[in-house]
Amino acid sequence: MPLARSLSVTSLTGLEDWEDELDLENSILFEVAWEVANKVGGIYTVIQTKAKITLDEWGENYFLIGPYLEQNVRTQVELIEPPNPAIRRTIDSMNAKGCKVYFGRWLIEGGPYVILIDIGATAWSLDRWKTELWESCSIGIPWYDREANDAVLFGFLTAWFLGEFSAQCEEKPYIIGHFHEWLAGIGLVLCRTRKLPVATIFTTHATLLGRYLCAGSVDFYNNLQNFNLDKEAGDRQIYHRYCMERSAVHCAHVFTTVSQITAVEAEYLLKRKPDIVTPNGLNVKKFSAMHEFQNLHAQSKARIQEFVRGHFYGHLDFNLDKTIFFFIAGRYEYSNKGADVFLEALARLNYLLRVNGSQTTVVAFFIMPARTNNFNVETLKGQAVRKQLWDTANAVKEKFGKKLYESLLVGNLPDMNKMLDKEDFTMMKRAIFATQRHSFPPICTHNMLDDSTDPILNTIRRIGLFNSSADRVKVIFHPEFLSSTSPLLPVDYEEFVRGCHLGVFPSYYEPWGYTPAECTVMGIPSISTNLSGFGCFMEEHIADPSAYGIYIMDRRFRGLDESCTQLTSFLYSFCQQTRRQRIIQRNRTERLSDLLDWKYLGRYYMYARHMALAKAFPDNFTYEPHEPTAAQGFRYPRPASVPPSPSISRHSSPHHSETEDDDERYDEDEEAEKDKQNIRSAALMGAVPDWRKRSKKGSSEASTPSNASTPTLPSSPSDLSSPTNSLIEEKN
């Protein structure tokens, strides 16, 4: 089942422009999601990071609609009076009828306006609204599904708000309603059944049924056409949710999803092909000099090394300068996130490193929140022992330094036998004896509530990775999100990622994948799969992803054992790299961050809004889809210093031996100069799109944008200013 090409990032200027600019004063954009100012999952990151670029385009006419949750509002939202008179009248009208609607600024970059609806205040209307939903759409919601009931309340209140707002406007604006995921889908369905003047967009970030099916042992992607959808949804007791999602998909003027792999999934499971793929981006902050992010890597790595020194006290028989940090992070979905494959590959990597006598040690972190009751006492003790050793060393150093200073002050060379007295040796011996440990360093940093049934811990017991001295691979399971206030590992997630060497995300079900995208933006190589949206995106737009530190596993056409073997090969190859090779690779990885910037990817959302307006208001906007034509999209080429040979691709790195000269065929300035030709400058592409409007007579003067799935020929490469960086091997 081949994947169709999406609009190429490097071909974004191929999105045909509209000749006349949209009159933004007469257009309003409402973005509706359950995760507005409410962190639940990845959709929160999408909306939070995209808000700034959307606000730059729409200004005061951009509003987010979400649920009112008091604990979130206290810390994330500043409640204010609405500056828009129509919004103010709408809120007053709804509040007078028993609703509780709040208005404020979301305290994130850009500070967008948010409209928060308290669904609990109108819960008394639930039965009446569920009856209306059944009569109008034949969707029945069971009483016991609280999440679905919340979706009904949220949907009806959102539709009420949009309808009331339209009625309160003196001059009728063009309203766009962009709804994210099934939890907001009922609002979209009601906009269409009530025939509200709203251009609707529905974005699915992952299909409900797809996530449930992948959690089981099924060959999901190669059997999409064979599933009995109603039966599968019914067997999992999510048929009503599936109906809510599917009805929103079919009611929307424009249907979008986040990746090509999810587009194929949606076409089979939701029975509608997405109109356009809208990849997820990030706000990329470039450094004035590229070596700055290498300095940040060195600083963050030092923080992680301090934790490792304490965690492995008494068994610190490996060289931290030759230690590599791997990590996997995300929701605790053992199979979907690929934790099972990663653990098996670590066991095989441990064997390879041992039999080949490698001096490299790997510390693999699992950052996946699970049910715990507190920190592990042994883990906390390790950090206390490390701190005690540090204090002892500092005390002895101070005494030593004072005696050395006094000796030099009188013009004598110090007598080394008198520099340290018996008390100093006693203090140091006591500190050394305190580091003795008769058990292996702990695997888990916390006390797990379900220790005996936890899949990660049970797999570790099976494969025998117990952090023994003989193991070249050590495992640390941190079942809690990272925080800079933690007494154990006091770093936030961003700092932790910067300090690691490789992110490993061998997911089986990952509609997009923010974790490898975040690694790329921070210049950290990562492993993903051809079943993740990120992996497919990079595979499509980069000729040799592995040369840029983007390793892509095949989990679609290979069995579990073959995929595990491939992952082991990637990990072992990475362990064989020299420090210089890793620095070069991080430089290349960081240069790809432009591909993931909202300044580029935000244009997909702009295009979706163009399409929705043209479909909802055909008398004012025009859109003429046509059949895709054969065209070759542009692919980011191999790095200039890597010969285009199969052997180099297999090694997936700038491959050379330790004995090669430093003046080998690699010049950072020259390579960066060539790479910057391969992606257009955001300024040249334009932050805000041009629009073409049709006159009221319906005349049209120029050709219109093509269908979203139509590949477009790339424009000629243009210059993009990109700073160069130097190698700082001694720090990294």
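I began with a cut-off: buried means under 20% relative accessible area, exposed means over 50%, and partly exposed lies in between (1.4 Å probe, protein chains only). At 34% relative accessibility, Arg 194 counts as partly exposed.

I noted that this is a predicted model, where local features need pLDDT of at least 70, side-chain atom pairs count only at pLDDT 80 or more, and totals for chains, interfaces and linings use all residues. Residues are numbered from 1 along each chain as its sequence is written, and side-chain values use heavy atoms, with hydrogens and water left out.

**Salt bridges**

I took a salt bridge as a side-chain nitrogen of Lys or Arg within 4 Å of a carboxyl oxygen of Asp or Glu. The structure holds 30 of these salt bridges.

I looked up Arg 194 again. Its side chain meets that of Glu 132 in a salt bridge, at 3.1 Å from N to O. Glu 132 sits in helix H4 (residues 126–137) and Arg 194 in the loop between helix H6 (185–193) and strand E7 (198–204), so the pair ties together parts 62 residues apart in sequence. Helices (H or I, at least four residues) and strands (E, at least two) are DSSP runs, numbered from the N terminus. Glu 132 is partly exposed, at 28%.

Next I checked Arg 354. It forms a salt bridge with Asp 471, with the closest N and O atoms 3.5 Å apart. Arg 354 is in helix H12 (residues 339–355), and Asp 471 is in the loop between helix H16 (455–463) and strand E14 (473–478), 117 residues apart. Arg 354 is partly exposed at 46% relative accessible area. Asp 471 is buried at 3%.

I also found a network of salt bridges that links Glu 344, Arg 348, Arg 462 and Asp 561.

**Nonpolar cores**

I used this rule: a nonpolar core is a set of buried Ala, Val, Leu, Ile, Met, Phe, Trp, Tyr and Cys residues joined through side-chain atoms within 4.5 Å. The largest core has 74 residues, and Phe 30, Ile 65, Ile 87, Ile 115, Phe 161 and Phe 220 touch the most other members. Helix H5 (residues 146–168) gives the most to this core, with 11 residues.

I followed Ile 87. Leaving aside neighbours within four places in sequence, Ile 87 is in contact (heavy atoms within 4.5 Å) with Phe 30, Phe 63, Pro 82, Phe 103, Ile 115, Phe 161 and Phe 165. A second, separate core of 65 residues includes Cys 444, Leu 457, Ile 463 and Ile 524.
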